[in-house]
Structures are given as structure tokens and as C-alpha cells.
Protein chains: 2
Amino acid sequence: MRILTVDLGDRAYPIYIGTDLIGDAELYRRHIGGRQVMVVSNETVAPLYLDRVLHALGGGYRVETVILPDGEQYKTLEVLNRIYDALLGARFDRRCTLVALGGGVIGDMTGFAAASYQRGVNFIQVPTTLLSQVDSSVGGKTGVNHPLGKNMIGAFHQPLAVLADTGSLDTLPDRELSAGLAEVIKYGLINDAEFFAWLEANMDALVARDRDALAYAIERSCTDKARVVAADEKEAGQRALLNLGHTFGHAIETGMGYGAWLHGEGVGAGMCMAADLSHRMGWIGVDDLARTNALVARAGLPTTPPAELGGDRFLDLMAVDKKVLDGQLRLVLMKGMCQAVVTADFDADKLRETVGG
Amino acid sequence: MRILTVDLGDRAYPIYIGTDLIGDAELYRRHIGGRQVMVVSNETVAPLYLDRVLHALGGGYRVETVILPDGEQYKTLEVLNRIYDALLGARFDRRCTLVALGGGVIGDMTGFAAASYQRGVNFIQVPTTLLSQVDSSVGGKTGVNHPLGKNMIGAFHQPLAVLADTGSLDTLPDRELSAGLAEVIKYGLINDAEFFAWLEANMDALVARDRDALAYAIERSCTDKARVVAADEKEAGQRALLNLGHTFGHAIETGMGYGAWLHGEGVGAGMCMAADLSHRMGWIGVDDLARTNALVARAGLPTTPPAELGGDRFLDLMAVDKKVLDGQLRLVLMKGMCQAVVTADFDADKLRETVGG
């Protein structure tokens, strides 16, 4: 088992990476303070792993569960309310702990429920997808979607601990493995050229679920992300780099209807669009663009937006992005390969060429 | 104009108390950072004061408004969503500022919308009721109700400033003036015997809306509260004293259906119940109980719970209180007149006598 620490002062927490962590009673005991535990999972993950969690929590805790429907389209205020219903129905108090067992949607919703229930209770992340292990379980961003924009309602709320069990990737559908690889590639593109080269050399092993390759990719991604988050917890500056590909990707997700494209698929195409615009601005070479597109494609991800969205609608959807400040759209682009920047200094006509139409 | 400061380090903020503050353009300009302003009000307050706010914000800002229905029964996730709708519909970004124009319900909901929109934006409180001026606009508690419990969903989120315009009390219905006086009396009972005696001497003037008396009561209440909040922002300990009367009162509000009893009416009866139980425990004298009941009654408030609720249901409703820890109910009671404590050390049989049945 590897242990990373996200260094956030009195909110610092460990990320455990290894096999058989989901059922490790000692890890839960180390972090849970009170006696009340609410496990939040979904209809896909619960049949696979809930029993192991409940077994690990056996004895000493009062454990309740709430099982939500599976999918980004259920990451809403309405479904969030089911967690509050369960907590209040069980009369859980401020010392209760929530356990998020599932992918990014479960983690984000459980985290926001923990941030807002009685104005804040503790929670533990048990991410079961590659995407949530490398990304959404690290950094404390929690929230739900709104019909007009992704993750528009939420809070910063750090977990007590993250248990990233690499064994859970065995049951992950191919499409979701690819979606997770999008976020892995992202860390290379932001500012880790060495990791990007490693991914070019090892993408076939990752897609074939080589355990060592996956464990290394998870650890390196979490390390890269933890460093950025520790430097800028509330996204005043540098942290926005983690949104490389996301402004484009969110527009695709929102425009196509939540759940049609996976988040990672949107990010995959979005990173290629960011590289495309960076190339049009003359900031990266045509070979850099080609390397980006090739690696994203080898991960099993789309490299272009859905044609049916159209340029006007795409720009419209991008305008609600959280990085917009006083009406000015800012994007994460590359000035040099694997050197991402947040900038409003791009040509609007070239952006239009990138989004199509 | 008097100015108090709530001392919370880098989240410190001023409370302005005086007349004609609602339309004071300079005060808004001093605190609003970006160019986007969303004024949130309700159907009762907006016709009275919205124009003055809009006039003060004229020029330089892009101002939008959202008008909610008036009443505690609308302090829900569903109605909160209308604020998000308005913000996203207007494409407001992270630098926007929300202005809460109204009573405690508007303040709590606007504050929670500000806490959670894009994971946190700024807001300014413009409380227009006595209750919100002395209580809910100070301290950063925000949130909405759930059918199973009051204020169960929320966040701690401090405003940039509070503009308490005493002129707005001229239009306040008698019943709401009384509700506000409940919170004023509360500060005396918690730990300010001198203020309690002042209230006994001046209650008739307050009920008659004497301006000087009201201004003094607001300033003293805010000072008392700001001191407690500064010492314990997240309610780890001492801050819970501010809930004197509230566990009983919330049970009444929830049990009767939100909106049937005003919050302050519940607190009024709740303080008398807390005094009753304190007396039954032998912690205050019969004369102290009589003084409490008399002052609450003179403020125009109920001193006993509604008979139809019944003892069993009452205890049931109290069990979801946020001060419950690991299943143990804690109450704010008095050990000595005007000396409140948080304690689980009361006799369950005596509590049953207090709640009736």
C-alpha cells in the first residue's frame, strides 16, 4: 500500500493506494470519529462492493446505507435530497461520517451532502473508478449539476481520507477505464512532460489493465494533483490548470444531456480542442497537437466534439463556465507542450474555428 | 450610523446600524467587488424597498433581481433552486455579489446560495426585520429547512457586510416585531443580566417602536452575538448558547408546519420552556421563571407550546436537533438567572413535564 498526503494544514488527509483496501476495517477505524456511518453508493457499485464495506464496519458502528441511481444525469439537487432524507430519517447527528462508495458522481454528491448536512460533517472517499481515483477524490471539490451548467452548485469540503482500491478497477467497463485515462493524460499535459512520455510508452499496458502500470499512473496523477491543490485549495489561481479540457468538455456534457457522454470522454475531446486552439494560436507545434490527439485516441477516447452541437451553441454553453470572470471567458491552454496556462488572451475567431462552424 | 465589527480574522466584516442605509450607494460600493449583483428579496419586502436598492446600485453594476414567495414554508431546496436558476440564467460568474433584502428566511437562503453557487461567491445582508437585524444576519449561518428538521441543510458563510436599516422596522407588522424581540430577550438570558434588566424597564418603549430604544437593543444584541461568534465561529462549543430556546422552538415550528408559528414565536415559548426546565432542575428560582415568562409575554409572544403537539411528538421532534451528539440530546438551559449553559445533564422525566403529557 502506498500513502500520499494532501498537505492542507489542519485539513490535511491521506490517500491510500493499493489492493483490498475497500474491506480494510483498520483504515475505516483510523478515521471515523463518531458511531454513526452512512454509506452512499449506487445501483451498479453496491452489488459489487457494499458487502465488503459493511463487513469492515461491522461492530461498534451504527451503519445505514443509501443507494442512488447510477449516472451523471442523477447528479442533481433532487437526488442529493435522498441523502439528506436518509440522514434525517436515521437521525444522524453532527458527529456522523459519510462514506462515498463509487465513482466521481457518488463522491461529488456525498461530499456535498457532507459539506451541507447540519452545516458540515465528516466523510471518507472510497473511489471505485479510475477517474475518481486519480481526480475527483482528491482536492475537496464537491457538488451537483444544474440544468444550465455542470458542478455549478457545491462546496470545497475535504475528506478525512481516500481509499483508492486498485482491485476495484477489475470490474470497471472499458468505456469508464478510458474515461479515467483522460484525467491521467491531463496531468501530463498540464506540467509533467516526463509523465506524458511515460504514458506514450505505456498506454497499451494501461488499456490492458496492467496492475503495476495502473498503480503507477494513479500514484503519479494523485501526486501531481495534490501538489496543485495544496498550493491553491480554493482555486484562486494555479488550481484552475486542473480544468484543462474541462471548459470544452463541460460544454459537450451539458449540451448533449448529462450521461450521454461520460465526463472523461468530454475531457478527452476537450483536451484535443485545447491543443487545437493552442496550435492555432501558434503556442504549440503541429507535432505536439498530433501527439496529444494520438495519445487520447489510444486511450479509447474521442478527439473531436459531437458535430450536432454546432459552433454557436458550443460558445453559448462555454459562457457559463466557472472560470468566466466579469463576463470574460478564460481557458486553460498550452503555451509550449505540457505547459498549461490559464488565459483570456486567445483569438475569438480561432476559438470559433476550434469549436466548429 | 453605528458600526460594529464581527472579528473573524480574514473573514471579519462590519455591521452598519442606522437609518436610510438601504439606499446608501456608498456602502454598497465599498463592499461589492465585481460588476454583477443579484438582489434576492420576497414578495412582501420588494414592493417596499427594492427600488431604493436598485437606485443605490444604479450605474456601474449589472443588476438582476429574483423575488421569492414570503414565508418560512418556502425556505426549501426547491425555492433555493430559483436563485441558482436566476444566477445561471444571467450567467453570473464567481465574482458576482448577492444582496439579501428581507428577513431571516431571505438572509439564510441567499447566504446558502452564495455559499454554494460555483462553490462560493460574496454576499451582503440587508436585513429588514428586527429578528434578522439582531440575529440571523450576524454569524454566517446559512441554510434551508428539510421536512424532517429546521436548518438541517446549510453552510457557514460570512457576508461582506450587514446593513441594518432601523427605518425598515416602521413597516414591520406587530407580530414580526414581537418575533424579533424574542431574540433580543435571548441575549439577556444567555449572559447579560444588565441588558435583561434594561429590557424589563424598556419593553413598552420597544413594543411602541421607540427609535432610540430599538437602535440600542439592536446594537447591544449584535455586540453580544458578535462576541460569541468571534470566539467560536463553527459552533464547537460556546456558540451553541445562542440556541437558547431554539431546540424547543424548532420542535414547535417543525411540528406545526413551517409558517404556522413564526420563528421568534417558537423561540419565545422555547425560552420559557427552557426556564421552566431549569426551574424544575432547581437551577433558577420561581421568581426567575416568573420574570422570564413576564418579559416574553410583554413582548407579545407565547409562553407555552401549542397544546395539540403533545409530549411524545414533541420529544420526537427534539431528537433531530443539531446539538444531539451520538444520540444524546443536549439543551441550552440556565444555571442561575441569565447564565446559560449547554448541558445533557437534565432529568428526562422533568423534560417530559416541561413539554407536556
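A:Asn151 sits in strand β8 of chain A, where strands (E, at least two residues) and helices (H or I, at least four) are DSSP runs numbered from the N terminus. Its phi is near 55°, a positive value in a residue other than glycine. A:Asn151 is also buried, with 20 other C-beta atoms within 10 Å. Here a residue is buried if 20 or more other C-beta atoms lie within 10 Å of its own, exposed if 12 or fewer, and partly exposed in between, with C-beta atoms placed from the backbone.

This is a predicted model, in which local features need pLDDT of at least 70, side-chain atom pairs count only at pLDDT 80 or more, and totals for chains, interfaces and linings use all residues. Residues are numbered from 1 along each chain as its sequence is written, while chains are lettered from A and ligands numbered from 1 in the order in which they are written.

In chain B, B:Asn151 lies in strand β8 (residues 149–156). B:Asn151 has a positive phi of about 55° and counts as buried, with 20 C-beta neighbours inside 10 Å.

**Chain A as a whole**

Chain A has 13 helices and 11 strands. Of its 357 residues, 55% count as buried. The C-alpha atoms of chain A fill a box of roughly 60 × 40 × 35 Å along the principal axes. Among contacts between residues at least 6 apart in sequence, 74% join residues at least 24 apart; two residues are in contact if their C-beta atoms, placed from the backbone, lie within 7 Å.

One example is A:Thr97, in strand β5 (residues 97–102) of chain A. A:Thr97 is buried, with 24 other C-beta atoms within 10 Å. A:Thr97 and A:Gly34 are 63 residues apart in sequence, yet 7.2 Å apart in space, C-alpha to C-alpha. Leaving aside neighbours within four places in sequence, the contacts of A:Thr97 include A:Gly34, A:Val37 and A:Phe123.

**Two contact surfaces**

The domain assignment of chain A gives domain 1 (2–171) and domain 2 (174–355); such bounds come from an automatic or database assignment. The C-alpha centres of the two domains lie 25 Å apart. In the contact between them, 28 residues of domain 1 meet 30 residues of domain 2. On the side of domain 1, β1 (2–6), β2 (13–18), α5 (130–136) and β8 (149–156) each give two or more residues, and α5(A) gives the most, with five.

Between the chains, 32 residues of chain A are in contact with 32 residues of chain B. On the side of chain A, α3 (77–89), α4 (104–116), β7 (141–146) and β8 each supply at least two residues. The largest share, six residues, comes from β8(A).

**How the copies are related**

A rotation of 180° with 0.0 Å of shift along its axis superposes chain A on chain B (RMSD 0.0 Å). The two copies are thus related as by a two-fold rotation axis. Superposition is by least squares on the C-alpha atoms of residues with pLDDT of at least 70 in both copies. In chain A, the C-alpha nearest the axis is that of A:Leu77, 3.8 Å from it. The copies meet through the same surface, because 100% of the interface residues of chain A are also interface residues in chain B.
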